[in-house]
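This report goes through one chain, from overall figures to single residues.

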Amino acid sequence: MSETGASYAAAGVDIEAGDRAVELMKEWVKKTQRPEVLGGLGGFAGLFDASALKRYERPLLASATDGVGTKVDIARQMGVYDTIGHDLVAMVMDDIVVCGAEPLFMTDYICVGKVHPERVAAIVKGIAEGCVLAGTALVGGETAEHPGLLGPDDFDVAGAGTGVVEADRLLGADRIRTGDAVIAMASSGLHSNGYSLVRHVVFERAGWALDREVPEFGRTLGEELLEPTKIYSLDCLALTRTTEVHAFSHVTGGGLAANLARVVPDHLHAVVDRSTWAPGAVFDVVGGAGGVERLELEKTLNMGVGMIAVVPQESVDVALTTLADRGVDAWVAGEVIERGEHSTGAGMQGTYSH
């Protein structure tokens, strides 16, 4: 029999380390604050002054939740923790902006096998930086220590966010019309989807290490795989302010075709011409290293397009100028046609359609 009683610490949970992590992250969370946020970090709930919504005639709240999948394992192996938060914010807030909603606030959940305060603070630093890029406040979160379920260096992250849009400005399939242009916005790489396939290819099939220098990347494999997801929230909102937009599509799991299909009405057909852009080197490298068929790549990875805007033809020039002014690489990648209608681009090799 043990001479001392059981304790939380003996079970593997370090309350003091958790408290230190909270202290270290406070400065980063503070950088995300909007005037509507009340109170500080450490309360049981984050507070957001809803009276700010009185300026809306009929405010609709938009919410989303997500994680970053097995990309966290790359961060763990690399020992780099201050970029994965960008991915989390992008996955949540770029879903919210698709309907035209302005991001308001976000919460996070960080689950670890053992609390390393500096490591947790670095993760929150990345989340806070992402929130600034998305124009949203980080109003709270939770760090949970799960010894016995996760290894000491294992972790996962998830988040939830809320935005608001005026009801009569809600974007979506019902606004799309025949002749609309499909504008593609370049991704920053793999983003945060398809990493189960990517990890299988580069580690198991190719036998590569993360410190392998890959000439096509001009950097190591690990550095390429950790490239943060681009956050498009403020760019999309800028488009809605400068010109008419009918819909957005966030290109995540399922690839470009499947995600574009989610915002196109059944009686219409979106055709995207793949000859209008060349996917980045990472897509060819993954495909070649694993002998992955093109169709499998297309339905798993974003293939160089992270966000789509569907706009009327008369809005194309302003939309492209607005995005260029914001440093976003964008181009007209296709058009919306009636189902059954044929165009000169239909049937071309490398043409997407829904």
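A residue is called buried if its relative accessible area is under 20%, exposed if that area is over 50%, and partly exposed in between, with a 1.4 Å probe and protein chains only as cover. Helices (H or I, at least four residues) and strands (E, at least two) are DSSP runs, numbered from the N terminus. The model is predicted: local features need pLDDT of at least 70, side-chain atom pairs count only at pLDDT 80 or more, and totals for chains, interfaces and linings use all residues. Residues are numbered from 1 along each chain as its sequence is written, and side-chain values use heavy atoms, with hydrogens and water left out.

**Overall figures**

The chain holds 11 helices and 14 strands. Of its 354 residues, 51% are buried. The exposed surface comes to about 16,100 Å², of which carbon and sulfur atoms supply 52%; areas are from the Shrake-Rupley method with a 1.4 Å probe. A contact means heavy atoms within 4.5 Å. Among contacts with a separation of 6 or more, 84% link residues 24 or more positions apart.

**Strand β11**

Strand β11 (residues 268-273) has 6 of its 6 residues buried, so it is largely enclosed by the rest of the structure. In a regular strand the side chains alternate between the two faces of the sheet. In β11, Leu268, Ala270 and Val272 point one way, while His269, Val271 and Asp273 point the other way, and all are buried. Two strands pair if DSSP finds at least two bridges between them. β11 and β13 run antiparallel and are joined by 5 bridges; the bridge partner of Leu268 in β13 is Glu338.

In helix α11 (residues 316-325) the buried residues are Val316, Ala319, Thr322 and Leu323. They cover an arc of only 135° around the axis, which puts them on the same side of α11; the arc is that of the directions from the helix axis to the C-beta atoms. The face turned away from this buried side carries Asp317 and Asp325, which are exposed. The cover over the buried residues of α11 includes β7 (181-186), α7 (233-242), β12 (305-311) and β13 (330-338).

Thr322 touches Ala238, Leu239 and Thr242, not counting residues up to four places away in sequence. In α7, 7 of the 10 residues are buried, among them Ala238 and Leu239. After α11 comes Gly327, with a positive phi near 80°.

**The four-stranded sheet**

An open sheet of 4 strands has the order β3-β6-β4-β5, with mixed pairing. Its edge strands are β3 (59-67) and β5 (137-145), each of which pairs on one side only. Neighbouring strands of this sheet are turned by 15° against each other on average, direction ignored. Angles run from 0 to 180 degrees between N-to-C directions, and axes are lines fitted to C-alpha atoms, for helices over the stretch in contact.

Strand β4 (residues 102-112) runs parallel to β5, and 8 bridges join them. Asp108 stands opposite Gly141 in β5. Helix α4 (residues 117-134) packs on the sheet, touching β4, β5 and β6 (155-166), and its direction makes about 165° with that of β4. Ala121 lies in α4.

**Positive phi and cysteines**

Most residues other than glycine have a negative phi, and most peptide bonds are trans. Phi of His191 is positive, near 60°, and this residue is in the loop between β7 and α5 (195-205). Met303 also has a positive phi, near 55°; Met303 is in the loop between α10 (294-300) and β12.

A search of the whole structure finds 0 disulfides, a disulfide being a pair of cysteine sulfur atoms within 2.5 Å.

| Residue | Relative accessible area |
|---|---|
| Ala121 | 8% |
| His191 | 1% |
| Met303 | 0% |
| Thr322 | 11% |
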